[in-house]
Amino acid sequence: AGGPPGAAPAPALAALPEGSWAALDGCRSCTFGVLRAVVYALRERIPEAELPVRARGRQDCWYGRGCRTATHRPDHAARLNHICEQRRFG
């Protein structure tokens with residue numbers, strides 16, 4: 001999500017592999033991990049102007065994609081942007 005004017009530019013986005021992934025085998029844990037990463041990467045590519053109004057202009061969560069609170073507090077998840085890098089550790 002876009003940062004304030006003068007902020008460092010967002011890191012370059014990695015290209016998603018082309019072709020079908022249907023023939024790939026993987027354990028359940030790895031499969032879900034890859035699926036989560038793909039969904040995150042797709043969401044990350046959506047410009048803020050194309051997001052629903054309720055998702056625009058949110059302040060970044062300090063813990064970004066690593067936020068555990070967003071997984072069990074829907075109000076926190078809805079109030080802050082979590083499609084960003086983690087800025088606070090601890």
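As for cover, cysteine 30 is partly exposed at 48% relative accessibility, whereas cysteine 61 is buried at 4% (buried means under 20% relative accessible area, exposed over 50%, and partly exposed in between, with a 1.4 Å probe and protein chains only).

A quick word on the ground rules. The model is predicted, so local features need pLDDT of at least 70 and side-chain atom pairs count only at pLDDT 80 or more, while totals for chains, interfaces and linings use all residues. Residues are numbered from 1 along each chain as its sequence is written, and side-chain values use heavy atoms, with hydrogens and water left out.

On the overall fold, the protein has two helices and zero strands; these are DSSP runs numbered from the N terminus, H or I of at least four residues for helices and E of at least two for strands. Buried residues account for 16% of the 90 residues. The protein exposes about 7300 Å², with carbon and sulfur atoms supplying 59% of that (Shrake-Rupley method, 1.4 Å probe; for residues, only the protein chains shown count as cover). Of the contacts between residues at least 6 apart in sequence, 41% join residues at least 24 apart, a contact being heavy atoms within 4.5 Å.

Histidine 76 belongs to helix α2, which spans residues 74-79, and is buried at 9% relative accessible area. Leaving out residues up to four places away in sequence, histidine 76 touches Cys61, Cys67, Thr69, Ala70 and His82. Histidine 76 and cysteine 61 are 15 residues apart in sequence, and their C-alpha atoms are 9.0 Å apart.

Charges are next. Side chains of opposite charge can pair when their charged atoms come close. Two salt bridges are counted, each requiring a side-chain nitrogen of Lys or Arg within 4 Å of a carboxyl oxygen of Asp or Glu. One of them joins glutamate 85 to arginine 65, 3.0 Å from N to O. This pair ties together distant parts of the chain, 20 residues apart: glutamate 85 sits in the segment after α2, and arginine 65 in the loop between α1 (28-44) and α2. Glutamate 85 is partly exposed at 45%, and arginine 65 is partly exposed at 47%. Another salt bridge links aspartate 75 and arginine 73, at 3.2 Å from N to O. Here, too, aspartate 75 is partly exposed at 43%, and arginine 73 is partly exposed at 36%.

Finally, the rings. The charged end of arginine 88 sits over the ring of tryptophan 62, 3.4 Å from the ring centre; the rule asks for NZ of Lys or CZ of Arg within 6 Å of the ring centre and within 35 degrees of the ring normal. Aromatic pairs come to zero across the whole structure, where rings of Phe, Tyr and Trp (its six-membered ring) pair if their centres lie within 6.5 Å, and planes under 30 degrees apart count as stacked, over 60 as edge-to-face and the rest as tilted.
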